[in-house]
Amino acid sequence: MLVTEKNNMTEEIEELVRRYGRERSSLLPILQSIQRKHKHIPDFAQQEVARLLDIHPVEVFSVISFYSFLNTKPKGRFIVRLCQTISCDLQGKAAVSKAIERELGITFGETTKDNKFTLEYANCVGMCDQGPAMIINERVYFKLTPEKAVQILNELK
Amino acid sequence: MESKGDLRAPVSQTPLVVEKPKDTSAIGGMVSIEINEKKVSVPLGTTILEACRQNGITIPTLCHHDDLCVAGVCRVCVVEVEGMRTLQASCAFPITNPLKIKTSSPMVRKARRNIIDLLLSEHYGECYSCFRNGKCELQSLAKEYGVDNYTFGHVTEPKYDVDKSSYSVVRDMSKCVLCKRCVRTCIDLQEVGVLEAIDRGDKTHIGTFLEKPLADVICINCGQCINRCPTGALRANDPSDEIWAAIDDPTKHVVIQTAPSPRAAIGEEFGLGAGHSMTRELNTALKRIGFDKVFDTNFTADLTIIEEGTELIIRLYKALVQKENVALPQFTSCSPGWVKFIEHYYPEYLDNMSSAKSPQQMFGALIKTFYAQKAGVEPKDIVSVAVMPCSAKKFECNRPEMYDSGYKDVDYGLTTRELARMIKEAGINLPEMPKSDFDSPFGEASGAGLIFGATGGVMEAAIRSVVEFVLGKKVEDIFEKANIIPLRGFDGIKYMEIPIGDKVGPVPDLIKHLVPNWDWLKGAVLKIAVAHGTANAKKIMDDIKAGGKFSECHFIEFMACPGGCLGGGGQPIPTTPEIRKKRAEAIYAEDESLELRKSHDNPNVVRIYEEFLTEGPCSHLSHELLHTHYTKRGRYIA
Ligand code: SF4
Ligand code: SF4
Ligand code: SF4
Ligand code: FES
Ligand code: FES
């Protein structure tokens, strides 16, 4: 990271700490804000959050590693999370996943070359009665078919 | 300032200490409970585990440790509580109302066995080649609680690569049982925070920041995590194979220095209770193993006192008389864990660090210069080993600046545990050894050097000398038997004021060229403080930063390990508050038994200033060999 980038990041986190407070319980909202803005939480940001909350960087890292919606490395602009849990599985998740993989030319866990899409599995997202379901960034799509999934992706492209 | 430090951690992260209250009504009184149908009464808030222990009932534990906060993660300690649907973790269950507890019902026994079986099903068990073989809590649980087959399977291949990047600590996560003792140690006792649980579910493991190798993150090498790990997942980086090779090589002259704390603790590895000093037995054993010379680290501890004390006097003189801008308070520098801690977290205060090397490194530099000359040995043929209670000493001797003799000053730092193993491998039963003395030319040392092993010891040793230097009277006239009691004991932070008064003595010859007289100290009050465990060091440093009471101190002793060196990360496992107390008693008792109890009275120290360091303490040559500099490391890692 460049020095100016670091300074901006520090300012940004100081602002977040002012808003959410210096308690340990402020950690998640702060991390979520950084994630929302930067699509990931850079190494330097983790250390700054730790410094400003007076905890240790590894504690921040531990929390990030626990939550699938927080990540330390940049991912694609659209993060596609397909539910892999049993209800969706029974309702045809396998076909949807194949169609998505074919359409994007990557497998689960990967990011497209143009950094547009990242493909991941998620566990139950609470749409079991309307599966198969997926989440793209913060929006939920349900009752998917292979065709519908491909169409949704194409609209985003 | 206190308040912030204490509010930081949630209640669950502060150690739960239930002291027996003097007045039980003050805390809500006693509660009558029934344990295995026996009626007992305990103070309100006692955990079930505590209550059982007090009444002679053993409950197995794994994640619980007397030094640490409650975690309640392993469930090995479950008991049945009447009226509750599920079994309860006894270590995490404070008693607040009358209960009926069963500690060995069929349900408890079955659950315990299952829990241990499940732990084993994920554990890479290969006890033969494991350093904890025979001293492993998991192994003893399996033995004691009737595990006779692997009900849920067994791991035969290691799951993780062993991290050997650090000079001090080796991490083998295939042996980890996720008790998080290391995590709590490093965060709560040491405030370094290297380790945490990473990922979740069956992928959970203990990792470092960004999963980097230990050498690349901010670890102060204190080894406290090793001492609290119940298994072989954490161990020190053991150089004993290299040392055997040197001993076996006839062209090498292998010398060893022994620090006071290992001598007070090594008996534990040979089945003695804590608190037996083995100093002179060890001398014989080391010779029999094949070391050519055995020296006493206390000799350079005495030297440290002279150098560091002189440095303090120079600083005070500059500040008070010459009105120069010098960094005060002066900080001690003999704990390499503390050195690395300040280099990372408070690099702006490195000027406050005494430039004096630690006794280990002073000795290293002298052995390959002064001793080599005297003994007529080529320094390149000397292999210099240091027996230390400490894993950070391994890192310290590998610091690139520690080559002042022209060679690597100290070749290997060996922990108490590792030395005990070498002695056993040589077929020697240490307690049966006849006693023998240290080798010349360094010979015997003072009790002041000896008490370096306990928290407050460096300060006490320094005060014994400074008081006699400045006041010109015997320290015994001020402190009974020269024991400076306020500096002893295990309070996290100790503070003391010593008024100089208006009678001062003559300046001793040794430092006459540095200060003309002591008149400038008349009426002054010497303020000193002591901290052990880097969490306490952090408190003092934050107070100094905020301009609090400790910023007005003149001299502060810091030791990275709880209890000081005697609780070091290389000491026999287990180390508990009780054991630390006994080791301290052994050290202070040995000190009191000695004739020579002040560093400046040590004739060998006097002699080295006459023969070798002829320009006196803090002179050019002594700076070259006995002093060092520090690195501003900072708190960020790329
Ligand atoms: S950690 Fe304990 S149980 Fe595991 S291999 Fe080592 S001695 Fe055996
Ligand atoms: S050696 Fe000390 S600083 Fe390093 S991980 Fe262990 S407890 Fe933490
Ligand atoms: S490394 Fe040791 S202390 Fe740390 S969690 Fe694993 S078993 Fe427990
Ligand atoms: S199983 Fe897919 S949303 Fe619940
Ligand atoms: S010892 Fe009680 S849960 Fe681990």
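Which backbone nitrogen does the side chain of B:Asn602 reach? In this predicted model, the side chain of B:Asn602 comes to 2.9 Å from the backbone nitrogen of B:Asn604. B:Asn602 is placed in the loop that runs between α18 (577-593) and α19 (603-611) of chain B, and with a relative accessibility of 0% it counts as buried. When residues up to four places away in sequence are set aside, the residues touched by B:Asn602 are B:Phe299, B:Asp302, B:Glu444, B:Ala445, B:Ser446 and B:Leu596.

A salt bridge of chain B joins B:Asp591 to B:Arg597, with the closest N and O atoms 3.0 Å apart, and both B:Asp591 and B:Arg597 are buried. Through salt bridges that share partners, B:Asp591 and B:Arg597 belong to one network together with B:Glu460, B:Arg464 and B:Arg488. Over all chains, the count of salt bridges comes to 51.

A further pair in chain B is formed by B:Glu418 and B:Lys394, whose side chains meet in a salt bridge at 2.8 Å, N to O. This pair links distant parts of the chain, since B:Glu418 lies in helix α14 (residues 416-425) of chain B and B:Lys394 in helix α13 (residues 392-397) of chain B, 24 residues apart. Both B:Glu418 and B:Lys394 are buried. The C-alpha atom of B:Ala236 is separated by 45 Å from that of B:Val515, a residue 279 positions away along the chain.

Two ligand surroundings in chain B were examined by residue class. Around ligand 1 are found B:His123, B:Gly125, B:Glu126, B:Cys127, B:Cys130, B:Arg132, B:Asn133, B:Cys136, B:Lys175, B:Thr231 and B:Gly232, a shell that has three nonpolar, five polar and three charged residues. Ligand 3 is surrounded by 14 residues, of which B:Cys176, B:Cys179, B:Lys180, B:Cys182 and B:Cys229 are the closest. The shell of ligand 3 divides into 11 nonpolar residues, one polar residue and two charged residues.

Chain A contains seven helices and four strands, which follow one another along the sequence in the pattern α-α-α-α-β-α-α-β-β-β-α. The C-alpha trace of chain A spans about 50 × 30 × 25 Å along its principal axes, and 48% of the 157 residues of the chain count as buried. Among the contacts in chain A with a separation of 6 or more, 61% are accounted for by residues 24 or more positions apart. Within chain A, A:Lys37 forms a salt bridge with A:Glu12, and the closest N and O atoms of the two are 3.3 Å apart. A:Lys37 lies in helix α2 (residues 27-38) of chain A and A:Glu12 in helix α1 (residues 3-20) of chain A, so the pair ties together parts that are 25 residues apart in sequence.

The contact between the two chains takes 26 residues from chain B and 20 residues from chain A. Together the chains bury about 2,000 Å², of which 54% is on carbon and sulfur atoms. One salt bridge is counted between chain B and chain A, and in it the side chains of B:Lys538 and A:Asp54 meet at 3.2 Å, N to O. Across the same interface, 10 residue pairs are found in polar contact. On the side of chain B that touches chain A, α1 (2-8) and β7 (196-198) of chain B each supply at least two residues, and the largest share, three residues, comes from β7(B). By class, this side of chain B has 13 nonpolar, four polar and nine charged residues.

Methods. Residues numbered from 1 in each chain as written. Chains lettered and ligands numbered in written order. Predicted model: local features only at pLDDT ≥ 70, side-chain atom pairs only at ≥ 80, totals over all residues. Heavy atoms only, no water. Contact = heavy atoms within 4.5 Å. Buried area = accessible area lost by both parts, 1.4 Å probe. Salt bridge = Lys/Arg side-chain N within 4 Å of Asp/Glu carboxyl O. Polar contact = N/O pair within 3.5 Å; in protein donor to acceptor, adjacent residues only side chain to side chain. Nonpolar A, V, L, I, M, F, W, Y, C, P; charged D, E, K, R; others polar. Near = heavy atom within 4 Å. Buried < 20%, exposed > 50% of the residue type's maximum accessible area, 1.4 Å probe, protein only.
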